[in-house]
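Please walk through this model with me, one set of side-chain contacts at a time.

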Amino acid sequence: MEKQKTHELRNRILFTIQVAAVYLLCRSIVLYGIDPDSLNPGAADVQALLSMMVSGDRYRVTVMALGIMPYINASLLVQIIFAFRSSASRAKISKMESDRWMRTAAILFSIVMAIMRSYELTYRSDLGPIWALRLIVTLEMIAGAAGISYLCFENEKHGIGASMPIILINIVTSLVQNMNANHFFEFRQMIWLCVIVIIGTVLMENSIIRIPLQRVSIHNVHADQNYLAYKRAPMGIMPVMFAASAFFVPYYFVKMLAYFFPENASLASASENLVLTKPLGVGVYLILIVVLSVVFSMLMLNPKETAHQLQRNGDSIIGLAAGKKTKRYLTGIVLKWSFLSGFLQMLCMAVSMGLSLRGQIPAALAMVPSSVMILVSIVCSFVQEIGTYYRYDAYRFFL
């Protein structure tokens, strides 16, 4: 019989490269009717960099202007909905159905965001009525967001990293342009902060807590090697990444309210100050990091369901009674480490954004630690996934 190698790793890497090439090509297509004189090459404040981090479009005037945000927000929404369902209910939902929910949610998010973004752009009056140009631009951005969602879904099936390659492209693009434009290496405090962020992220991404288990179904020499594993950063950099995207939900919501109720002074003030160059916006963003870290951990890891599953299987944590005590113990661990990791991530961002508010660094550099966290985490995930497919390719299959 002939041995056959799968070349799974090679095929997936090639597919991901094709996805990245298509995304880069589409990102160069400028929206129709945009006034080029309205683009300011020097504009790169914290808000612009946050947008660029998730869209990769410095001026947000290409068909990919919405970037990965609709996909990320849709993924977040669907995961939260699933987390509130019982395990039996989740088991009845197929992958195809959950993907359909995500696509629908991504389209809804992209419609709202495209409409709001269309009112922030400046149009050429010689190409037709402004309302018609705004409609065309809105449809182009919705189509671009749908295209990104399609690329992410296809890369999840045939490539490596699902949405991570697109996020990686945006992060690297924004980092390089931002550092070059703002002379990053002249600010030693930012260099040291990024070094701390890199070391901390690597440690948290690759460090786990092992909770020893005794399983009634295992009675051999390996019985003492069974454990329940939690990462010391339970959700990794998801809180930082989703906070960057989730921040735009209250941002656009307040903007919309202020637009429809222009006479309301409170809404006008909130709309003006809910930006990342003002204390209100910074405070909202930092709180989002900690809140999302705790909420995600409790929803996704669900210690209550884990304790119930252990009890149902007759398994237990060594030295701890099954049931309520196990639930309280696991809940305490998840809460402790999710809060601690979220607080440390928030602290790093608070330092850089505080330096920005005090004028000690350019405002555009305030988001660099966030970009570095996401970049390091993505690289760690890529290494782990590539290692998995490499080991898979090490097998030889017989025909």
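**A loop residue and its contacts**

Leaving aside residues up to four places away in sequence, Asn 302 touches Ala 83 and Ser 297. The model is a predicted one. Asn 302 is found in the loop between helix 12 (279–301) and helix 13 (303–313). Is Asn 302 buried or exposed? Its relative accessibility is 18%. Buried means under 20%, so Asn 302 counts as buried.

Now turn to the charged pairs. The structure holds five salt bridges. One of them joins the side chains of Arg 12 and Glu 8, at 2.7 Å from N to O. Both residues lie in helix 1 (residues 8–26). They are four residues apart, about one turn of the helix. Arg 12 is buried, with a relative accessible area of 11%. Glu 8 is partly exposed, at 22%.

Arg 117 and Glu 120 also meet through their side chains in a salt bridge, 3.0 Å from N to O. Here Arg 117 counts as buried, at 7% relative accessibility. Glu 120 counts as partly exposed, at 32%.

A further salt bridge runs between Lys 231 and Glu 205, with the closest N and O atoms 3.3 Å apart. Which parts of the chain does this pair tie together? Lys 231 lies in strand 3 (residues 227–231) and Glu 205 in helix 8 (residues 188–206), so the pair ties together parts that are 26 residues apart in sequence. Lys 231 is partly exposed, with a relative accessible area of 27%.

Next comes the surface. Ile 107, Leu 108, Ile 111, Ile 115, Tyr 119, Tyr 259, Phe 260 and Phe 261 form a nonpolar patch there. Together they have about 810 Å² of accessible area. Helix 5 (95–118) and helix 10 (248–260) are the elements that give two or more residues to the patch. Helix 5 gives the most, with four residues.

The structure has eight aromatic pairs. In one of them, the rings of Tyr 119 and Tyr 259 have their centres 5.5 Å apart and their planes at 50°. Planes under 30 degrees apart count as stacked and over 60 as edge-to-face, so this pair is tilted. The pair links distant parts of the chain, 140 residues apart. Tyr 119 sits in the loop between helix 5 and helix 6 (130–158), and Tyr 259 in helix 10. Tyr 119 is partly exposed, with a relative accessible area of 45%. Tyr 259 counts as exposed, at 53%.

Phe 184 and Phe 185 form an edge-to-face pair, 5.2 Å centre to centre with 80° between the planes. Phe 185 is exposed, with a relative accessible area of 64%. Elsewhere, ring pairs link Phe 247, Tyr 251, Tyr 252 and Tyr 285 into a cluster.

Rings also meet charges. The charged end of Arg 134 sits over the ring of Tyr 119, 4.2 Å from its centre. Over the ring of Phe 153 sits the charged end of Arg 103, 4.3 Å from the ring centre.

How values were computed
Residues numbered from 1 in each chain as written. Predicted model: local features only at pLDDT ≥ 70, side-chain atom pairs only at ≥ 80, totals over all residues. Heavy atoms only, no water. Salt bridge = Lys/Arg side-chain N within 4 Å of Asp/Glu carboxyl O. Buried < 20%, exposed > 50% of the residue type's maximum accessible area, 1.4 Å probe, protein only. Patch = residues over 30% accessible without salt bridge, like charges linked within 9 Å, V, L, I, M, F, W, Y side chains within 5 Å. Areas by Shrake-Rupley, 256 points an atom, 1.4 Å probe, with all protein chains shown as cover. Contact = heavy atoms within 4.5 Å. Phe/Tyr/Trp six-rings, centres within 6.5 Å; stacked < 30°, edge-to-face > 60°. Lys NZ or Arg CZ within 6 Å of the ring centre and 35° of its normal.
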